[in-house]
Amino acid sequence: MNISVTDRPRVFLGAPSILTPQQQPDLERWVAWLEHRSCEVVRVTRDSYGADPWRLLTGLFSHSDGALLLGFRQLDARSAVWRPDTKEEARSADWWTSPWLQLEAGMAVALRVPVLVAPEAEVEDGVFHPDLWGTHVQGTALTDPGATADHWLTAVREHRDRRTSAGQG
């Protein structure tokens, strides 16, 4: 069966723009996984955001059927403390990823786009914390898409069907 570009689900792929040589193969594996499942992968380079990134992202998510956010390690926060010297003082997550991924997740959820997050080991900040995974945001390991990713992909295809039947091509 031939799938035209307009029939393929569009998936926004968010990931930090700078990766280590060890991280790059994981990104490439996810791109191949999406393409093997006949998805059109939409990526934005750092230079593309411009002066008004909100307009760009809103437009992309409005025409996307899913968002896959790869939480690669970016900031070593193993010695960081949240709310020091208060009754809520706590150790932070070990590693943080790009804060842009948090914004992209929020925009995708607000626009009702199915979101899948795949954090690298020890990344549990914000949307990458397993306690926040459920209806609007699903999560899986960065190293293995697994059944959760297949379930998310079903939601992506359903979103594509609703979007294309509504004439939003």
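The structure is a predicted model, in which local features need pLDDT of at least 70 and side-chain atom pairs count only at pLDDT 80 or more, whereas totals for chains, interfaces and linings use all residues. Residues are numbered from 1 along each chain as its sequence is written, and side-chain values use heavy atoms, with hydrogens and water left out.

A search of the whole structure finds 9 salt bridges, each defined as a side-chain nitrogen of Lys or Arg within 4 Å of a carboxyl oxygen of Asp or Glu. One of them joins the side chains of arginine 163 and aspartate 65, with an N to O distance of 2.7 Å. Because arginine 163 lies in helix 4 (residues 146–165) and aspartate 65 in the loop between helix 2 (53–62) and strand 3 (66–71), this pair ties together parts that are 98 residues apart in sequence; helices (H or I, at least four residues) and strands (E, at least two) are DSSP runs numbered from the N terminus. Arginine 163 is buried at 2% relative accessibility, and aspartate 65 is likewise buried, at 0%.

A further salt bridge connects glutamate 122 with arginine 73, whose closest N and O atoms are 2.9 Å apart. Glutamate 122 belongs to the loop between strand 8 (115–119) and strand 9 (137–139), and arginine 73 to the loop between strand 3 and strand 4 (75–76), so that the pair links distant parts of the chain, 49 residues apart. Glutamate 122 is partly exposed at 40% relative accessibility, as is arginine 73 at 22%.

Terms used
Buried means under 20% relative accessible area, exposed over 50%, partly exposed in between (1.4 Å probe, protein chains only).
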